[in-house]
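Have the structure open as you read.

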Amino acid sequence: MIKLPRFPVMRPRRLRVSPAIRSLVRDVYVLPSDFVLPVFVDERITTPKPIKSLPGHQYYPPRSSELVTLIQEAMDLGVKAFLLFGVPNRKDMEATRAYARDGPVQEAIRNIRKETGWEPVLITDLCICGYSSHGHCGVPVDCRRGKCIDNDRTLELYKRIAVSQAEAGADIIAPSGMMDGQVAAIRSALDDNGYSDVGIMSYSVKYASSFYGPFRDVMDSSPRWGDRSTYQMDPSYTRDILKEALMDVEEGADILMVKPALPYLDVIYRLHTSIPTHPLAAYNVSGEYNMIRLLAEEGLGLYEDLVLEVLSSIKRAGADVIITYHALEASKYLENR
Ligand code: PBG
């Protein structure tokens, strides 16, 4: 530790006296180009539909011009990366709409690519919870404990989904199901099919969190029995943090992710310092988004200030990339600062 002089008295307030001095010395910057905007494409609709549990957001029909306009407007604000989630017209045991050639995400990507080329970074969430009739991220089987999620059968399904998303034109695949070995499985499936240029942003350290509530409502993806604690991580167990992240590095992930962000800023900081070789993303999830909105709606805080404070805390903790529902509004606020 550096030893601070005791005399003359330290006066840190000198660097706070004016806005210009404060901005001169500032060292944490949040930029629109750091953001990833989650986008929900729903193949059951023909016109955009507001999402009740995520105020300010809409479901988009995969082939619509409105979807393309959203992407273009975001890019005009400097937001160039998008995380696509699909809502299928049919849920079944095999999650078939997740890998169908004409599935919601696949069609959305083709539509966006046709109209905007390769400029937007299209990242696809890879999971089956929103596509399956059981709502789990893996394949349920009968086992000696009753019902279990079969890790390795799930990997086979993930490979198929990854290849179909790559084939449609995804830049980066983001597996969110927390199956062991998912990155290695997807990497080899992509490579075997000629998609060695498609990256993997792994949900590496993903907790069994109560902050996903609004999202599960959006996707109608709550597990129909049990919960996700046999695959998502225990918030009160720390030894898996580095293990999960290092496994993903070893298996070939290009970007690591921590999710949620705010209750896990310590985890972001740890990975930022212990794995300097890989970009780190943080997912500022649906419950965190609504928490801020509700605080402002109750008149207990200024929305714009709350949003920018939250986003800079995530950046300060060490995230390079922030996946956030605030992406567009925050980009507008940043223009005026
Ligand atoms: C799971 C998945 C989840 C989110 C995205 N993909 C969590 C879950 O349902 O367990 C949550 C995102 C959010 O809350 O914004 N495949």
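## The largest cavity

Helix α6 supplies 3 residues to the lining of the largest cavity, the largest share. Helices (H or I, at least four residues) and strands (E, at least two) are DSSP runs, numbered from the N terminus. On a 1 Å grid over the protein atoms alone, a cavity is a set of points where a 1.4 Å probe fits but cannot get out, and lining residues have an atom within 4 Å of a point.

This cavity holds about 200 Å³, a volume being the space filled by probe spheres set on the points, with points joined across faces, edges and corners. Its lining has 23 residues, with Cys-129, Ser-176, Lys-206, Phe-215 and Lys-259 closest to the centre.

## About the model

It's a predicted model: local features need pLDDT of at least 70, side-chain atom pairs count only at pLDDT 80 or more, and totals for chains, interfaces and linings use all residues. Numbering starts from 1 along each chain as its sequence is written, and side-chain values use heavy atoms, leaving out hydrogens and water.

## The second largest cavity

The second largest cavity has about 60 Å³ of space. Here α7 gives the most to the lining, with 4 residues. Among the lining residues are Met-178, Tyr-203 and Glu-251.

## The largest pocket

A pocket is an open set with protein on both sides within 12 Å along at least five of seven lines. The largest one has about 520 Å³, and helix α10 (residues 303-317) gives the most to its lining, with 5 residues.
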